[in-house]
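Let's take a walk through this fold together, with the viewer open beside the text.

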Amino acid sequence: MKRILVTGGAGFIGSHLCERLVNEGNDVICLDNFYTGSKENVWHLIGRPNFEIVRHDVCQPYWAEVDEIYNLACPASPVYYQNDPIQTTKTSFFGAYHMLGLARRTKCKILQTSTSEVYGDPAVHPQPESYWGNVNTIGIRSCYDEGKRCAETLFFDYHRLHGVRIKVIRIFNTYGPRMAQHDGRVVSNFIMQALRGEDITIYGDGQQTRSFQYVSDLIEGMVRMMASGDDFLGPVNIGNPGEFTMLELAEKVIAMTGSKSKIVFRPLPSDDPKMRRPDISLAKAKLDWSPTVPLDEGLAKTIEYFKGTLK
């Protein structure tokens with residue numbers, strides 16, 4: 001049994017990770033300030049003898065004796081990270097700084113959940129880990145994009161200077177149960193609008209693309225990355241290479257929900273990437289990992305979840 005710290009553990013992805021780690025018999029500390037996370041996401045774990053939840057902001061130091069750290073703490077949807085952009089940057093930087101300090105002291109392994117947003121609006125497609133990206137440093141999304149890029153820098157500097165055992169993954173668009181209804185991400189937006197019979201809002205002309213991975217595939221990739229040897233640090237893309245336009249996704253959601261929603265178009269927000277698709281060759285080679293849940297199957301499960309949340 002390992003003692004594992006998960007920052008942002010009450011969030012959408014963090015709660016699924018905590019559930020996996022607890023079910024495997026590990027002693028899990030879920031750290032969250034509940035800015036975007038929710039106790040409801042981990043309510044089913046509370047009371048388990050190998051799970052504890054702690055209200056804490058990673059912008060402040062935290063001390064515990066642990067064997068592994070998964071650093072997920074940071075709002076990940078534009079609605080939340082643009083609401084307080086300074087706090088978003090602080091969370092990415094100080095969260096990484098404080099967790100790396102803890103990893104250095106305890107000599108434990110630490111995994112950073114970076115993001116495909118480090119590639120910005122890419123000039124290379126699909127995006128391999130070797131691509132340095134095309135990111136606006138002063139735009140409305142920069143607090144998140146640049147915060148995550150800076151965190152990657154900190155991780156590798158702590159490894160080079162202090163020998164900290166690091167792992168870095170870059171997460172591409174992920175969806176599934178426990179997404180917040182109003183978090184502003186495209187899958188949850190489309191599903192909720194369709195279930196309520198509202199117009200489905202597409203920003204831009206609908207031809208911009210994204211690649212969608214179901215949350216269980218991501219969790220498997222995270223666990224495999226943490227378990228990999230110390231000679232493989234990353235960064236490594238964890239995402240589904242299936243690529244869909246926003247218009248295709250909207251039409252699919254309408255069909256699967258049986259909704260009578262109409263599609264409406266709005267102006268594209270500033271710095272919104274026009275295309276996104278991971279090159280997962282490295283994950284296949286180093287982790288023997290590739291996604292297994294097709295979009296239709298994952299959407300069906302997600303739609304059922306959101307049906308249960310309707311008031």
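**A lysine to start from**

Lys262 counts as exposed because its relative accessibility is 59%. Keep in mind as you look around that this is a predicted model. You'll find Lys262 in the loop between helix 8 and strand 13 (263–266). Setting aside residues up to four places away in sequence, Lys262 touches Glu198, Asp199 and Ile200. Now look back along the chain to Glu251: 11 residues separate it from Lys262, and the two C-alpha atoms are 9.5 Å apart.

From here, step onto helix 8 itself. Two packed helices are described by the angle between their axes and the distance between the axes. Helix 8 (residues 246–257) packs with helix 6 (residues 186–195) at an angle of about 40 degrees, and the axes are 9 Å apart. That angle is why helix 6 counts as oblique to helix 8. The crossing of helix 6 past helix 8 is right-handed. On the helix 6 side, the contact is made by Val186, Val187, Phe190, Ile191, Ala194 and Leu195, while helix 8 brings Met246, Leu249, Ala250, Val253 and Thr257. Sort the residues of this contact by type and you get 10 nonpolar, 1 polar and no charged.

Helix 8 has another partner in helix 10 (residues 295–309), where the packing angle is about 55 degrees and the axes are 11 Å apart. Helix 8 and helix 10 are therefore oblique to each other. Here, too, helix 8 goes past its partner helix 10 in a right-handed crossing. The residues that meet are Leu249, Lys252, Met256 and Thr257 from helix 8, and Leu295, Asp296, Leu299, Ala300 and Ile303 from helix 10. This contact of helix 8 with helix 10 holds 6 nonpolar residues, 1 polar and 2 charged.

Now for a pairing that involves the start of the chain. Helix 1 (residues 12–23) and helix 7 (residues 215–227) have axes that come within 10 Å and cross at roughly 60 degrees. Helix 1 and helix 7 are therefore oblique to each other, and their crossing is right-handed. Helix 1 uses Phe12, Ile13, His16, Leu17 and Arg20 to meet Val215, Leu218, Ile219, Glu220, Met222 and Val223 of helix 7. By type, the residues in the contact of helix 1 with helix 7 divide into 8 nonpolar, 1 polar and 2 charged.

Next, find helix 4 (residues 85–106). With 22 residues, helix 4 reaches 31 Å from its first C-alpha to its last, close to the 32 Å expected at 1.5 Å a residue. Its buried residues include Thr88, Thr91, Gly95, His98, Met99 and Leu102. What covers the buried residues of helix 4? The list includes strand 1 (3–7), strand 4 (68–71), helix 3 (78–81), strand 5 (109–115), helix 5 (142–162) and strand 6 (165–171). Zoom in on Ser92, which sits in helix 4. Ser92 counts as buried because its relative accessible area is 4%. Beyond its neighbours within four places in sequence, Ser92 is in contact with Cys74, Gly147, Lys148 and Ala151.

That brings us to helix 5, which has 21 residues and spans 29 Å from first C-alpha to last, close to the 30 Å expected at 1.5 Å a residue. Among the buried residues of helix 5 are Cys143, Tyr144, Asp145, Lys148, Glu152, Phe155 and Phe156. The buried residues of helix 5 pack against helix 3, helix 4, strand 5 and strand 6.

Finally, some backbone details. Most residues other than glycine have a negative phi, and most peptide bonds are trans. Just after helix 4, though, Lys107 takes a positive phi of about 60 degrees. Arg178, also not a glycine, has a positive phi of about 80 degrees. Arg178 is in the loop between strand 7 (174–175) and helix 6, and it counts as buried because its relative accessibility is 15%. Asp288 has a positive phi of about 50 degrees and lies in the loop between helix 9 (281–287) and helix 10. Asp288 is exposed, with a relative accessible area of 63%. As for peptide bonds, the one from His125 to Pro126 is cis, with omega near -10 degrees, and Gly234 and Pro235 are joined by a cis bond with omega about 0 degrees.

Key: Residues are numbered from 1 along each chain as its sequence is written. This is a predicted model: local features need pLDDT of at least 70, side-chain atom pairs count only at pLDDT 80 or more; totals for chains, interfaces and linings use all residues. Side-chain values use heavy atoms; hydrogens and water are left out. Axes are lines fitted to C-alpha atoms, for helices over the stretch in contact, and angles run from 0 to 180 degrees between N-to-C directions. Helices (H or I, at least four residues) and strands (E, at least two) are DSSP runs, numbered from the N terminus. Angles under 35 degrees count as roughly parallel, over 145 as roughly antiparallel, 65 to 115 as roughly perpendicular and the rest as oblique. A crossing is left-handed if the near helix is turned anticlockwise from the far one by less than a right angle, and right-handed if clockwise. Contact means heavy atoms within 4.5 Å. Ala, Val, Leu, Ile, Met, Phe, Trp, Tyr, Cys and Pro count as nonpolar, Asp, Glu, Lys and Arg as charged, and the others, Gly among them, as polar. The expected span of a helix is 1.5 Å times one less than its number of residues. Buried means under 20% relative accessible area, exposed over 50%, partly exposed in between (1.4 Å probe, protein chains only).
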